[in-house]
Amino acid sequence: MKCCSPGGKKLPGLQFLEGVVRIPDKATEFRQRRGMIMSTKPIRSTAANCIDMSAAALHIIAMALMLMDHLWATLLPAQDWLTCAGRLAFPIFAFMTVEGYFHTRNLKRYALRLLLFALLSEVPFDLMYGGTWFYPVHQNVIWTLLLGLLGIHLMETVRKKKKTWLYLLTALLVVLIGTVLGTLSMVDYYGTGVLTIFIFYFFRGRKWWCLAGQLLALYWVNVQLLGGLLYPVHIFGMEFEICQQGLALLALLPIWLYRGRQGYHSKPFQYLCYVFYPVHMLLLVVVLLQYSTSFFRVLAKLWTLLWKE
């Protein structure tokens with residue numbers, strides 16, 4: 001039974017949820033097979049008949065995980081599980097940047113949107129991470145995505161010329177220059193962030209070697225190159241350590257559930273995904289300042305009381 005408005009159209013909320021995650025309609029498929037209803041759509045095989053993740057769902061998941069990481073960085077530094085969950089956000093954004101390149105109708109507008117929101121997000125990012133409106137030693141993540149997008153465009157432009165040797169040479173130079181430029185410009189995740197985007201470009205697809213390449217390459221980038229905090233784990237009498245940054249590999253689970261479906265899409269939703277980045281950082285800064293101000297007021301009052309005594 002489907003919930004519809006009196007006019008026969010689906011309610012906006014249900015349309016949005018349906019666009020995020022698609023669950024196979026077993027009853028409809030059964031009736032289609034028995035000839036009870038007619039459909040021009042091909043009947044899917046059993047292997048493909050599973051829940052798939054849309055691009056809209058991936059964006060929502062990535063934004064939620066990023067918010068958790070930023071909550072840890074500002075208001076809740078004692079809650080380490082928040083930053084552990086936040087490790088999954090960037091690989092999803094990197095993956096969606098690659099998909100965005102191949103699915104966008106206008107690459108120039110796509111790149112200009114990234115540039116615009118990279119500029120708009122810089123001050124909120126600097127306020128959140130540096131505590132000042134100008135913090136030149138660390139740039140926001142949209143610059144990382146933009147560098148990766150431009151690198152992919154250059155490699156794809158050369159690839160279309162169908163000269164293998166030229167493409168391989170270009171790819172090598174783009175990876176090296178992109179990694180160095182990302183490190184020198186101090187964008188978020190530095191050169192390894194740009195390299196992560198290129199990994200999803202080179203291993204784009206659902207073939208077994210593409211999935212294996214993503215897994216192994218991300219392990220090398222996140223565990224071997226970035227490393228970081230190690231958590232001791234004890235299971236069945238065995239002791240080993242888990243790298244916090246290595247948790248980023250878990251982002252492959254929702255990524256592998258994506259099968260190219262866009263899902264819910266509208267101009268307001270598209271720009272909401274962009275606006276969310278600078279706005280949520282600005283709100284966190286405001287809350288942090290208010291919290292800090294209240295905290296220091298309490299300390300001042302306590303000091304005054306103690307001084308009077």
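Biologist: Where do I start, and what does the secondary structure of the protein come to?

Modeller: Keep in mind that this is a predicted model. The secondary structure comes to 12 helices and 4 strands. Of the 309 residues, 39% are buried. The protein exposes about 19000 Å², and carbon and sulfur atoms supply 70% of that area.

Biologist: Among contacts between residues at least 6 apart in sequence, what share joins residues at least 24 apart?

Modeller: That share is 67%. Tyr 277 and Leu 67 are 210 residues apart in sequence, yet their C-alpha atoms are 8.9 Å apart in space.

Biologist: Is Tyr 277 buried or exposed?

Modeller: The cut-off for buried is under 20% relative accessible area. Tyr 277 has 5%, so it counts as buried. Gln 214, in helix α10 (residues 208-226), is buried too, with a relative accessible area of 2%. Beyond its neighbours within four places in sequence, Gln 214 is in contact with Ile 199, Phe 200, Phe 203, Gly 205, Leu 252 and Trp 256.

Biologist: Now charges. How many salt bridges does the count come to?

Modeller: A salt bridge here needs a side-chain nitrogen of Lys or Arg within 4 Å of a carboxyl oxygen of Asp or Glu. The count comes to 4. One of them joins Arg 261 and Asp 52, with the closest N and O atoms 3.1 Å apart. Arg 261 sits in the loop between α11 (252-256) and α12, and Asp 52 in strand β2 (residues 52-53), so this pair ties together parts that are 209 residues apart in sequence. Arg 261 counts as buried at 16% relative accessibility, and Asp 52 does at 3%.

Biologist: Which residue forms a salt bridge with Asp 69?

Modeller: Arg 87 does, with the closest N and O atoms 2.9 Å apart. Asp 69 lies in helix α3 (residues 55-74) and Arg 87 in the loop between α4 (80-86) and α5 (89-103), so the parts they tie together are 18 residues apart in sequence. Then there is Glu 99 with Arg 204, at 2.9 Å from N to O. That pair links helix α5 to the loop between α9 (190-202) and α10, 105 residues apart in sequence. Glu 99 is buried at 8%, while Arg 204 counts as partly exposed at 34%.

Biologist: What about Glu 122, and where is the nearest side chain of opposite charge?

Modeller: Glu 122, in helix α6 (residues 107-130), is buried yet has no salt bridge. The nearest side chain of opposite charge is Arg 87, 17 Å away. The Glu 122 side chain does make a polar contact with the side chain of Trp 143, at 3.1 Å. His 138, Gln 139 and Asn 140 are also in contact with Glu 122.

Biologist: Last one: how do I read the strands β3 and β4?

Modeller: In a regular strand the side chains alternate between the two faces of the sheet. Here, β3 (residues 230-235) and β4 (residues 238-243) run antiparallel, joined by 6 bridges. Pro 232 has Glu 241 in β4 as its bridge partner. The hairpin has 2 residues between the strands, and Phe 236 takes a positive phi near 50°.

Terms used:
Residues numbered from 1 in each chain as written. Predicted model: local features only at pLDDT ≥ 70, side-chain atom pairs only at ≥ 80, totals over all residues. Heavy atoms only, no water. Buried < 20%, exposed > 50% of the residue type's maximum accessible area, 1.4 Å probe, protein only. Lys, Arg positive; Asp, Glu negative; His and termini not counted. Polar contact = N/O pair within 3.5 Å; in protein donor to acceptor, adjacent residues only side chain to side chain. Contact = heavy atoms within 4.5 Å. Areas by Shrake-Rupley, 256 points an atom, 1.4 Å probe, with all protein chains shown as cover. Pairing = 2+ DSSP bridges.
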